[in-house]
Amino acid sequence: QVQVVESGGGSVQAGGSLRLSCTASVDISSRKCMGWFRQAPGKERERVAVVYTSTRSAWYPDFVKGRFSLSQDNGKNTVYLQMNRLKPEDTAMYYCAAFFSDNVGGCLVAAENDYNYWGPGTQVTVSS
């Protein structure tokens, strides 16, 4: 069994920053695919960042590229999502999800259904 839990959400003004944390109940140092998703009211859930922990290779969609970045602390079993220059459109519930992957390609192109473990979410609100 794997459990993940998010923290670090809150309310900020447009242009501000937040750092979200995703802490896992297992060692994350290798063969873990860790993804961040978000869902706003009335919208589909969307993938905003993915990292393959063995190589620290990452993927970001165009709408967050240059603003969001991932890092990891293997000693704390934690992946961080640094969010800068936040926009009101970033307002959503943010979720961390994970699964085991044998290769980086299978991680970075993985579909939502591939993620086996999900956290309860942390709310991010950006005001204008």
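The numbered points below treat the basis of the model, its overall build and its disulfides.

1. Basis of the description. This is a predicted model, in which local features need pLDDT of at least 70 and side-chain atom pairs count only at pLDDT 80 or more, whereas totals for chains, interfaces and linings use all residues. Residues are numbered from 1 along each chain as its sequence is written, and side-chain values use heavy atoms, with hydrogens and water left out.

2. Secondary structure. The protein contains one helix and 11 strands; helices (H or I, at least four residues) and strands (E, at least two) are DSSP runs, numbered from the N terminus. Along the sequence the order is β-β-β-β-β-β-β-β-β-α-β-β.

3. Overall dimensions. The radius of gyration is 14 Å, close to the 14 Å that the globule rule gives for 128 residues, so the protein is as compact as a globular protein of that length. This radius is taken over C-alpha atoms, and the globule rule is 2.2 Å times the number of residues to the power 0.38. The C-alpha trace spans about 40 × 25 × 25 Å along its principal axes.

4. Burial. Of the 128 residues, 43% are buried, where buried means under 20% relative accessible area (1.4 Å probe, protein chains only).

5. First disulfide. A disulfide is a covalent bond between the sulfur atoms of two cysteines; here the criterion is a pair of cysteine sulfur atoms within 2.5 Å. The structure holds two disulfides. One of them joins Cys-22 to Cys-96, with an S to S distance of 1.9 Å. Cys-22 belongs to strand E3 (residues 18-24) and Cys-96 to strand E9 (residues 92-100), so the pair ties together parts that are 74 residues apart in sequence. The torsion about the S-S bond of Cys-22 and Cys-96 is about -70 degrees, so this disulfide is left-handed. Cys-22 is buried at 0% relative accessibility, and Cys-96 is buried at 1%.

6. The torsion about the S-S bond of Cys-33 and Cys-107 is about 80 degrees, so the disulfide is right-handed. Cys-33 is buried at 0% relative accessible area, and Cys-107 is buried at 0% relative accessibility.

7. Disulfide pattern. With bonded cysteines counted along the chain, the pattern is 1-3, 2-4.

Methods:
Buried < 20%, exposed > 50% of the residue type's maximum accessible area, 1.4 Å probe, protein only.
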